[in-house]
Amino acid sequence: MLNAVYTGLSGLKAYSEGLQTVSNNVANLNTAGFKSSDPRFSELFYLDRPPLGSAGGNSQSGNGVTYSHSRINFSQGDLRPSEEQLDLALNGRGFLVLRHAGEQVYVRTGRFQQSASGTIVERESGYQLGLLKDGRIIGASIDGRNISQPQATTKISFADNLSSTAETHTISGIDTYDEGGAKKTLNVTFTAKGADHPGKWNVVVKDSAGSTIKEFEISFIGSLIAPGSETIDVDIGSGTAAHTVSFDFSAITHLSTGTTSSLKVGSKDGYGTGEISFISVDENGELIINYSNAQKTSLGVVAVADFSDPSQLRLAGNSQFKAPDEARYRLLKSGQDGVGTVTGKSQEASNVDLSGEFGELILVQRGFQASSQVLNMANEMIQQLFDLQGRR
């Protein structure tokens with residue numbers, strides 16, 4: 001009967017630990033990236049040797065239950081949109097890789113930001129986001145890329161139509177940049193030379209202060225630009241610093257549209273110095289720096305770790321997982337060989353199934369209740385033995 005007491009106690013202990021697992025799942029219902037755990041129980045037994053001289057071999061007898069382990073459920077949680085560019089999640093199989101103090105941990109989702117030192121780190125833990133380079137993991141960093149170098153304007157291409165029946169047309173606010181990133185805004189005015197000079201226009205280029213930079217003439221033959229007027233070089237430099245920009249008129253037309261012309265700047269090169277506006281992830285899983293001068297540069301591809309047996313992973317807190325040395329995995333990029341795609345402005349929600357957890361809660365409660373009943377009954381039987389002893 002004492003064995004029955006210990007068996008009942010094992011049930012109380014095991015189901016108490018099972019309750020801890022279920023309660024932890026419920027408590028993390030709204031924790032981003034959390035993976036629920038399923039409680040697992042194992043039987044206990046011992047070998048009972050029969051008395052000397054008895055027939056038959058050894059017999060095994062149950063000795064209760066133990067809480068063996070909890071199995072992590074790695075099923076996909078819902079992807080929820082967020083407002084932050086560097087809120088990353090995986091849609092599909094795999095894990096994002098984080099680095100810290102020479103070790104790696106793995107997460108399904110994370111909220112990342114730029115640290116004071118220029119590294120891209122997870123907000124809560126401060127662990128650095130891992131990028132994939134030549135089959136190995138490197139830490140994401142913007143070191144040396146805080147500024148986008150300027151590029152001088154060398155060509156302005158005009159497009160659309162300069163009406164043959166208009167008298168004047170002005171294009172204002174054409175921003176140009178020199179090799180040092182200094183901006184100069186141009187205004188270009190086209191004035192028809194009149195009926196005595198059909199198809200000929202006087203062009204005046206001025207800066208934002210109204211000072212004339214250059215004056216020249218362009219001609220049309222019918223509706224097309226005349227040879228020799230397709231491109232005109234204009235020196236917009238200041239002082240002794242020359243800065244020649246080619247004005248390209250080869251694509252414009254000279255059709256009658258009344259007094260209104262649609263002539264405009266079709267394209268131009270050059271841009272000023274750019275500062276980081278924001279960092280984002282594109283559809284290929286590349287970490288992209290977006291600068292204020294509309295330029296972009298890639299920091300690298302976000303690494304995705306694909307484990308052959310995810311059940312080997314162990315919880316490390318903060319929705320992170322650690323892998324044992326014997327764990328086998330591949331380092332891939334977003335969407336490669338069947339792994340999930342890295343998605344920006346998203347967070348993976350917890351995969352806790354509340355209805356399922358309530359079902360587990362009922363089973364654990366019933367097991368605990370039944371074990372306590374066994375303990376009570378064994379105690380009553382022992383008490384009856386004591387009562388028999390007292391009557392002698």
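Asp 134 sits in the loop between β9 and β10 (136-139); strands (E, at least two residues) are DSSP runs, numbered from the N terminus. The model is predicted, so local features need pLDDT of at least 70 and side-chain atom pairs pLDDT 80 or more, while totals for chains, interfaces and linings use all residues. Residues are numbered from 1 along each chain as its sequence is written, and side-chain values use heavy atoms, without hydrogens and water.

Most residues other than glycine have a negative phi. Asp 134 has a positive phi, near 55 degrees. Ala 101, in the loop between β5 (95-100) and β6 (103-107), also has a positive phi, of about 50 degrees.

The table lists relative accessibility, where buried means under 20% relative accessible area, exposed over 50%, and partly exposed in between (1.4 Å probe, protein chains only).

| Residue | Relative accessibility | Class |
|---|---|---|
| Ala 101 | 75% | exposed |
| Asp 134 | 70% | exposed |
| Lys 133 | 42% | partly exposed |
| Ala 323 | 26% | partly exposed |

Lys 133 belongs to strand β9 (residues 128-133).

Ala 323 lies in the loop between β26 (320-322) and β27 (329-332). Leaving aside neighbours within four places in sequence, Ala 323 is in contact (heavy atoms within 4.5 Å) with Tyr 106, Phe 307 and Leu 313. Its C-alpha atom is separated by 80 Å from that of Pro 198, which is 125 residues away along the chain.

Conventions: Helices (H or I, at least four residues) and strands (E, at least two) are DSSP runs, numbered from the N terminus.
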